[in-house]
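The following paragraphs lead through selected features of one protein chain. Please keep the sequence and the coordinates in view while reading.

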Amino acid sequence: MKIKEALIEGRDYLKDLEYTYPIYETRRILSDLLNKDLSYLVSHDEDLLDSKIENKYFEILEKRQKGIPLQYILGEEDFYGRTFKVIEGVLIPRQDTEISVKKILNIIENNQINNMLEIGCGTGIVSISVDLESSVDVTAVDISEKAIENTKINKEKLNSKIKIIKSDLFSNINEKFDLIYSNPPYIKSKEIENLQVEVRDYEPRLALDGGEDGLFFYRSIIKSSPEFLNHKGFLVFEIGYDEAEDICNLMKDKFEVEVYKDLNNLDRVVVGQLKM
C-alpha cells in the first residue's frame with residue numbers, strides 16, 4: 001500500500017468517530033512509525049509502505065476506534081516545544097496548559113521568584129518546562145505513583161533538575177515558596193460520565209474528578225496555601241472555563257486576583273498574589 005492510500009484509508013477508518021481528528025491523527029501515526037516528519041509524507045506519498053509498518057498502522061487505528069487515546073498508544077505528546085513521555089494512567093497533557101506556563105514565566109520575569117511548587121504534576125510538563133525555561137528551583141508533587149513515575153521519566157529524558165515528591169497536596173511539604181501552581185481535578189463528579197469516551201474510560205478519574213461542584217481541590221489548596229507561601233507570594237491555577245468567578249470568590253479575602261483567557265477567549269488561568 002502506498003503512503004497516500006494508507007492516509008486516505010485511515011481517514012475513512014476514523015471519520016465517523018466523534019473523538020478523533022482523522023487527517024491529523026493518520027499523518028501523526030504514520031510519521032511516527034516511519035520516523036519522518038509530515039513533509040516527508042507529502043513528498044513521498046507514492047512510496048510503498050513496508051508490510052510491518054502497514055500492519056502496525058492499522059493496529060493503531062483499531063485502538064483509536066475503541067477510544068484509546070493516541071498519546072497512550074504512541075507514548076508521547078508535544079508540549080511547549082518539547083516531547084514528553086506519557087504513560088497510561090496519567091493525565092494527558094493539553095495544549096491549553098501552555099497558557100499556564102507562559103503566565104508563570106511572565107511572573108518569574110517580573111518578580112523576585114526563587115522557587116516554585118506544583119501540586120499535581122502529572123507527566124511533569126509544567127514543572128519541567130518552567131525549570132528548563134528559567135533559573136527557578138522547582139518542586140513537583142503528586143499523590144499518584146504513576147504520575148511520580150512519569151514525571152521522573154521526563155525529568156531524566158529532558159535533563160531537568162526538578163525535585164519530585166509524592167504528596168497528597170501539602171502533606172509532605174515542609175518549606176515555603178514564592179509561587180505555587182496547580183491544575184487540579186475540576187470536572188464535577190456528575191459530569192464525568194458525560195465526557196468523551198477516550199477521557200471517561202481511559203484517563204485517570206483521580207486526575208479528573210473535582211467533587212460535587214468541581215471546586216474541592218481549589219478550596220483545599222486556597223485554604224492551606226498561605227502557610228506555604230512567602231511574603232506576597234503567588235498562587236496560580238489552571239481552571240475550567242466556567243469556574244473563574246467561583247474561584248476568585250474563594251481567593252479574594254487573602255489574594256489580589258486576576259483572570260487570564262486562553263486562545264479561545266475562555267477563562268483559563270487565575271493568578272492570585274498574597275495580600276500584605
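Arg11 is a residue of helix α1 in this predicted model. Although Arg11 and Pro22 stand 11 residues apart along the chain, their C-alpha atoms are separated by 4.9 Å.

Helix α1, which spans residues 3–14, also contains Glu9. With a relative accessible area of 37%, Glu9 is partly exposed.

An unreviewed UniProt entry places the feature "domain: Release factor glutamine methyltransferase N-terminal" at residues 5–75. In the model, this span is 69% helix and 0% strand, and its end C-alpha atoms lie 25 Å apart.

Charged side chains also connect separate parts of the chain. Side chains of opposite charge can pair when their charged atoms come close. The structure holds 12 salt bridges. One of them joins Lys4 to Glu46, with the closest N and O atoms 2.5 Å apart. Lys4 belongs to helix α1, whereas Glu46 sits in the loop between α3 (38–43) and α4 (51–65), so the pair ties together parts that are 42 residues apart in sequence. Both partners are partly exposed, Lys4 at 33% relative accessibility and Glu46 at 38%. Lys2 is linked with Lys4 and Glu46 in a network of salt bridges.

A further salt bridge brings together the side chains of Arg82 and Glu133, at 3.0 Å from N to O. Because Arg82 lies in strand β2 (residues 82–85) and Glu133 in helix α7 (residues 125–133), this pair ties together parts that are 51 residues apart in sequence. Glu133 is partly exposed, its relative accessible area being 39%.

Arg268 and Asp96 meet in a salt bridge of 3.5 Å, N to O. Here strand β9 (residues 267–274) provides Arg268, and the loop between β2 and α6 (98–110) provides Asp96, so the pair ties together parts that are 172 residues apart in sequence. Arg268 is buried, with a relative accessible area of 8%, whereas Asp96 is partly exposed at 29%.

Finally, the UniProt record, an unreviewed entry, lists Asn183, Pro184, Pro185 and Tyr186 under "binding site". Among them, Pro184 is found in the loop between β6 (177–182) and α9 (197–200). Its relative accessible area is 5%, and Pro184 is therefore buried, a class that requires a value under 20%.

Methods:
Residues are numbered from 1 along each chain as its sequence is written. This is a predicted model: local features need pLDDT of at least 70, side-chain atom pairs count only at pLDDT 80 or more; totals for chains, interfaces and linings use all residues. Side-chain values use heavy atoms; hydrogens and water are left out. Helices (H or I, at least four residues) and strands (E, at least two) are DSSP runs, numbered from the N terminus. Buried means under 20% relative accessible area, exposed over 50%, partly exposed in between (1.4 Å probe, protein chains only). UniProt positions are given in the numbering used here, feature names are shortened, and annotations may be inferred rather than shown by experiment. A salt bridge is a side-chain nitrogen of Lys or Arg within 4 Å of a carboxyl oxygen of Asp or Glu.
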